[in-house]
Amino acid sequence: MFRRERSIPLRGSAAALCNNLSVLHVPARNLTHFGVVHGPSAQLLSAAPEGVPLAQRQLHAKEGAGVSPPLITQVHWCVLPFRVLLVLTSHRGIQMYESDGSVMVYWHALDSGDMSPVQAVFARGIASSGHFICVGTWSGRILVFDIPAKGPNIVLSEELAGHQTSVTDIATEPAQGQDCVADMVTADDSGLLCVWQSGPEFKLMTRIPGFGVPCPSVQLWHGMVAAGYGDGQVRLYEASTGILHVQISAHARAICALDLAPEVGKLLSAAEDTFIHIWKLSRSPESGHTEVEHCHGECVPDTQVCGARFCDPSGSSFAVTGYDLAEILRFSSA
Amino acid sequence: MFNRKFMEELFKPQELYSKKALRTVYDRLAHASIMRLNQASMDKLYDLMTMAFKYQVLLCPRPKDVLLVTFNHLDTIKGFIQDSPTILHQVEETFRQLTETYGGLSAGEFQLIRQTLLSFFQDLHIRVSIFLKDRVQNSNGRFVLPVSGPVPWGTEVPGLIRMFNNKGKEVKKVEFKHGGHYVTAPKEGSFELCGDRVLKLGTNMYSINRPVETHMSGASKNLASRTQESIVPNPLAKEELNLLARLMGGMEIKKASGPEPGFRLNLFTTDEEEEQAALTRPEELSYEVINIQATQDQQRHKELARIMGEFEVTEQPRPSTSKGDDLLAMMDEL
């Protein structure tokens, strides 16, 4: 079904983080951009359809006080109505760049206040919603930045309280019409999921309690929350009510990444157990119940996967990164 | 090493050591006894330690298991020093401190600890003969990640999709082929002062019934070569060091002659080989122990080094610490 395509070499190996791969598909230019965190640096590269690498750039976490260079937690492209920004989160703060990483347009330093050095301070979890970019933090607060159509006049417009433990991931989808108002879901280290409605002010709609197991990765599709957990489970919930619809014993180790191919309702899950699985989500026409079907499983031998993404909205290809691996693996079913 | 002041220093909240800093501490620890190693053997010993530690952290089924691995280490150490109540007390005190500091951390916090540790070991692929023989490490230096065996405690065996209706009643159950061959976890390892840890990571790699974490068929049957070794510790320090020498495998123990008392450990089969190894060691793997740059590093390690300088080797004449003094003096001058 899927065959292995030519890998794209990386300058530095991928770090053992979750959600450690961001992909920006640019069909107009027949290009795909990839972003991977190495450690104190992140690598951006663009590739032609056959995987031939064309350009690459390295970004570094902004230095601060401290002994060693700060570690980057995540790098992610945010597609906004009039522009695309690249966001980089680290143990110091949040950096925003033009989409090719050439110019830093904004820097937000995290305030650790009078925290003792026991607590790690970092930003993690990045998503765009309309003209906002939301970023999670170690304390559970979600920072909402208002992004102008162009230029560096980015403003922190709101801080959302909803989580008590470190944020892990954020997912958004365009509002689905009047009925479906929930368009953002945030997840944290305790497995708690918060479902929000975006707007000039974000509103908390639903809380889906965790069970002590971190939820490192989350996706939102047609009013359904897909959450991957540290115990290898994937769970689907109705976003507006929090009702559990599907529970999958998907992996034997912690899940590190989830991704969606929105055009076809395909969900990709990747975990530290070396496996990637692809699932088809649907609603049964008779009962209206959510259904999930397993489509494909792929094993990357001896590799602790740390990132995985579909490379196009129809889910016909996907890319994978692994801890200690200095290449991006590609698979396609074309 | 388990002396209270040293432990207090280690337990202070701090950033991850740089590679140079850790190597310095390791050197001082190794030389706090009457054992002497020259550069090449020290490098080899450090490589062995680093790769073994990487293996243990990487293969932890749950992030919290890094604590169980540590407890396994302490349990084995307790076995060695059973006849020495003072040291035994110190080790138990360390155990209590570990429980106090880490016992209450969440799964998410342990995941962050594990990811941070893995960043230290990133890109280290030194081949270790015992790992290669046991098929725990591939010839490219990467560890084997088995896709069979027990799942971590708290994880379900992958392979099941369960679908529910709006009332929470299970309406459909479908199995899927995961790709691995997993079984349920038998029981959870104990986090008490004494108990069955269940996990074998962190136990003595060189013991007769070597419980290497691998589920591959055709696991090495070369235990016969190790059966002659006794693992019963001998309270006499000198005999202990000879045991250490034997465990390191086939090397020459030179009786110290001349003014410097003590014991020179050569990890190679001949002195010539040791010299040759020192000359041909690749640049990128050299540790440059003496160069300590950052001020904070200096402060912290000065303190550690000072404390280590106070270590006494009981039941042995106070060793000449000329080499150590030089290092300490050098650090003072920086």
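Predicted model: local features only at pLDDT ≥ 70, side-chain atom pairs only at ≥ 80, totals over all residues.
User: Thanks. What is the strand order in the open sheet of six strands?
Analyst: The order is 18(A)-19(A)-20(A)-21(A)-3(B)-4(B), and the pairing is antiparallel. Strands here are DSSP runs of E with at least two residues, and helices are runs of H or I with at least four, numbered from the N terminus. Two strands pair if DSSP finds at least two bridges between them.

User: Which strands stand at the edges?
Analyst: Strand 18 (217–221) of chain A and strand 4 (170–175) of chain B do. Each has a single partner strand, so one side of each is left without a neighbour in the sheet.

User: How many bridges join strand 18 of chain A to strand 19 of chain A?
Analyst: Five, with strand 19 covering residues 224–228 and the two running antiparallel. In that pairing, A:S217 stands opposite A:G228.

User: Switching topic: how many salt bridges are there over all chains?
Analyst: The count comes to 19, taking a salt bridge as a side-chain nitrogen of Lys or Arg within 4 Å of a carboxyl oxygen of Asp or Glu.

User: Which residue does B:K54 form a salt bridge with?
Analyst: A:D324, with the closest N and O atoms 2.6 Å apart. The pair crosses between chains: B:K54 is in helix 3 (residues 39–58) of chain B, and A:D324 is in the loop between strand 27 (317–322) and strand 28 (327–332) of chain A.

User: Is B:K54 buried or exposed?
Analyst: B:K54 counts as buried at 2% relative accessibility, and A:D324 counts as buried at 7%. Buried means under 20% relative accessible area, exposed over 50%, and partly exposed in between (1.4 Å probe, protein chains only).

User: And what about B:E9 and B:K12?
Analyst: Their side chains meet in a salt bridge at 3.1 Å, N to O. B:E9 is buried at 6%, whereas B:K12 is partly exposed at 42%.

User: Last one: which residues are linked in a network of salt bridges?
Analyst: B:R23, B:D27 and B:D43 are linked that way.

How values were computed
Residues numbered from 1 in each chain as written. Chains lettered and ligands numbered in written order. Heavy atoms only, no water.
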